[in-house]
Every structure is written in C-alpha cells, then in structure tokens.
Amino acid sequence: MSSLGEKPSKQGKYTQEEKEGVFRELDRLGSVTAAARALKLNPMTCYAWARKAGLPATGKHGQTHRKHSQEQKEEFFRELDRLGSVTETAASLGLNRETCYGWTKKAGIARKRAEMPQRED
C-alpha cells in the first residue's frame, strides 16, 4: 500500500497519458489517493496535478474532496450487500471508509458496537 510520504516508484517525467489517466480514475473513484493507487503513481504528484487543475484540496490531510454520484452510492450499497463489510466495500471501490459509514448511518443500516461480535477475554 502506498503512502503520501512514499518516494515515486518512477524517476523522471510522467506521460500525458498517465496524467489523463489520473483524472479519469479521479472521476471514477472520487479520490486522488485512490486514483494514484489504482495507477501505481506517486500520490503527491497526483495531488499536484489536481491542485494545478483547480480542484479543491480542503481535507485535513489535503485530500481533494468531490461529491459522489448517486451511481457510486448505489454501487457501494450493492457491494456492501455482497461483502457485508463497510471497510472492505469502501476499499474495493476506492472510497473513503468514513464517507461510506456516513452513507450507511443515513440509510439507517449502520451497526452499533453492541451488535458487533465482541472479543472474548
């Protein structure tokens, strides 16, 4: 898993095709980090491209926030039904886990801690 502080895996310039790929993935996934991960590119480079393109970077860790489409939310809930885990579903779709938990809470299906299995002593 890559991190924001990780050095680029590739030295030198990126191609225009790679840069365009980031924006395609950003539209699909809604996250600069997820787009960078999907394309195996340096996240900091991708954030720089997003900022240069005028996309806001307002999150507490500098994430570029974008509204998620209704189709993305519907896909999340379909996958959630299949996988049964918000964390796994969010990761598989490249979505922010906390955003997905918010969606489940609004939908009235968020689990309470008391409903989750407890670790035995």
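The model is predicted, and the mean pLDDT of the chain is 77, with 71% of the residues reaching 70 or more. The structure holds three salt bridges, and the buried residues of helix α3 pack against α1 and α2.

**Confidence along the chain**

- Among the elements of the chain, helix α4, which covers residues 70-83, has the highest mean pLDDT, at 90, while α2 has the lowest, at 85.
- Over residues 1-8 the pLDDT is below 50, and this stretch has 14 contacts in the model beyond near neighbours in sequence.
- Residues 58-62 also have a pLDDT below 50, and for this stretch the model shows six contacts beyond near neighbours in sequence.

**Helix α3 and its surroundings**

- Helix α3 runs over residues 43-52, and its buried residues are Pro43, Thr45, Cys46, Tyr47, Trp49 and Ala50.
- These buried residues pack against two other helices, namely α1, which spans residues 16-29, and α2, which spans residues 32-39.
- After α3 comes Gly54, a residue whose phi is positive, near 90°.

**Two residues of helix α2**

- Thr33 lies in helix α2, and its side chain makes a polar contact of 2.7 Å with the side chain of Tyr47, which is one of the buried residues of α3.
- Thr33 is itself counted as buried because its relative accessible area is 17%, which falls under the 20% cut-off for that class.
- Arg37 also has its place in helix α2, but this residue is partly exposed, with a relative accessible area of 40%.
- Between the C-alpha atoms of Arg37 and Val22 the separation is 9.7 Å, and these two residues are 15 residues apart along the chain.

**Salt bridges**

- Side chains of opposite charge can pair when their charged atoms come close.
- In helix α1, Glu25 and Arg28 are three residues apart, so about one helical turn separates them, and their side chains meet in a salt bridge with an N to O distance of 2.7 Å.
- Glu25 is buried, since its relative accessible area is 16%.
- In helix α4, Arg82 and Glu79 are likewise placed three residues apart, about one turn of the helix, and they form a salt bridge in which the closest N and O atoms are 2.8 Å apart.
- Glu98 and Arg97 form another salt bridge, and here the closest N and O atoms are 3.2 Å apart.
- Glu98 is exposed, with a relative accessible area of 51%, while Arg97, at 40% relative accessibility, counts as partly exposed.

Key
Residues are numbered from 1 along each chain as its sequence is written. This is a predicted model: local features need pLDDT of at least 70, side-chain atom pairs count only at pLDDT 80 or more; totals for chains, interfaces and linings use all residues. Side-chain values use heavy atoms; hydrogens and water are left out. Buried means under 20% relative accessible area, exposed over 50%, partly exposed in between (1.4 Å probe, protein chains only). Helices (H or I, at least four residues) and strands (E, at least two) are DSSP runs, numbered from the N terminus. Contact means heavy atoms within 4.5 Å. pLDDT is the predictor's confidence in each residue, from 0 to 100. A salt bridge is a side-chain nitrogen of Lys or Arg within 4 Å of a carboxyl oxygen of Asp or Glu. A polar contact is a pair of N or O atoms within 3.5 Å; within protein, one must be able to donate a hydrogen and the other to accept it, and residues adjacent in sequence count only if both atoms are side-chain atoms.
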